[in-house]
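Welcome! Take a moment to look over the sequence and the model below, and then we can walk through a few of its features together.

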Amino acid sequence: MNDRITIPIWAIGSFLVLMNTTMFNVSLPSIITALHIDAGLGSWIVSGYSIVFALSTIIFSRLSDSLPIRSLLTTGLSILGVSSIIGYMADSFFLILLARLLQACGAGAVPGLGMILASRYIPAERRGRAITVLASGSILAFGLGPVIGGALTQVMGFHGLFVIICLVFVLIPVLWQLLPKETSTGLQFDFAGALLTIVATASLLIALTQLSLLFLLIGIAAIVSNIRHLRQKEKPFIHPSLLSHAGYRKLVIIGFCAFILNMSNLFLMPLVLAQVYHQSAAAIGLMIFPGAILSSIVIPFIGRLIDKHGNFRFLLGAHFFLFLSILLTAVLLPQSPIVILLTYILFAPSLSTVTSTLSNEVTQILPKEMIGAGMGLLQLSQFLGGSFAVALCGLLLSWEKNLPVQLAFQSLFFLLALVLLGAIVMVIRYRSTQQARTFNA
């Protein structure tokens, strides 16, 4: 496989998939108005997508242990493209929601399989650069998504958002030719474990977003059942050995915290700019854009440095820059909207570095046969962290509605700074764990 061609083209797919997530955030008010629904119902177009996307990612990752990557990717992109056509033609809320959920089912093939491809076919001395190229496509999508989403909604209506995702049809034959030819080893997939994981995850997210005791109890019951299932199944959906790996557990927690920060920041920044500084949707997109562009430019160079010097120093350093970015936002938020622009320029490349080093580290500490499951679970934890964070930020803002609006947002950014301090401690503890394992070996 020629990774210098294949990985950048795969990054285009990552760009389209992640942009599909952020575009609809901007157009949600237009969708609610056009379909005559309330905000609570309309939010499922975004939150429902996030839930299914997170679960689809780990399912495709686990399937890659038995089935060829290019067959799985072709299936995922085909589902994504066909569901986008359905969404473009839909004229009711439930059809549009169905299209979004189907999009998420297919989109999950891209992020997890991309990391597995890099770990399986790219030598360790070049892997860091490849993973950062994949990450640059995702980060660029977070910045460009609101800009493109706002422009398309204004010109074509929200149906235009579905049209642009049909570009994935172009990628299918190209990647089919570029990807290595693998043979199927026979499907060995724990359907019961996958179902229990889906029920537990979806129930807990719904419990948080809807404050539902019933779904909380369903989620807890599914977790208990899944734990029992893990102990009985020979090859379960989630490998118990992953959960018993001290270093890997810490990486999962760090990844969970990273996406708490990422999705919280992307959720809060537009609200600050709109509610505190009364910026338009176009202006908000332009405020986020420079940070995303800078990240996509800088991160390939960081990837080369990661390959040369290792993961830890970049993982720790990026966390300190993230902490500085969030702390400056919390302190200087009342001063000017330019604060958001400048701090996101610091935040975006730092976050890209964290996610890239995490993925690269997982491929190095796990046995080859467990990388697929390990990458899937890591990405599931990241997307769950983001989903929980957005729901929790919304709840905290509603509880703080009697506070001055600037103070309410500042309190949330200070809370995120505390999360970052916890993540920094976990990074240092991870280093200690790995050093101890090396010494004992």
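## A pocket between domains

How much space lies in the second largest pocket? About 560 Å³, in this predicted model. Its lining has 22 residues, and the closest to the centre are Ile-238, Leu-243, Leu-377, Leu-380 and Leu-384. (A pocket is an open set of points on a 1 Å grid over the protein atoms alone, where a 1.4 Å probe fits, with protein on both sides within 12 Å along at least five of seven lines; lining residues have an atom within 4 Å of a point. The volume is the space filled by probe spheres set on the points, which are joined across faces, edges and corners.)

Domain 2 (191–236) and domain 3 (239–440) both contribute to this lining, so the pocket lies between them. These bounds come from an automatic or database domain assignment.

## The salt bridge

You will find one salt bridge here, joining the side chains of Glu-182 and Arg-120 at 2.9 Å, N to O. (The term means a side-chain nitrogen of Lys or Arg within 4 Å of a carboxyl oxygen of Asp or Glu.) Glu-182 is buried at 18% relative accessible area, while Arg-120 is partly exposed at 25%. (Buried is under 20%, exposed over 50%, and partly exposed in between, with a 1.4 Å probe and protein chains only.)

## Reading the model

Residues are numbered from 1 along each chain as its sequence is written, and side-chain values use heavy atoms, leaving out hydrogens and water. Local features need pLDDT of at least 70 and side-chain atom pairs count only at pLDDT 80 or more, whereas totals for chains, interfaces and linings use all residues.
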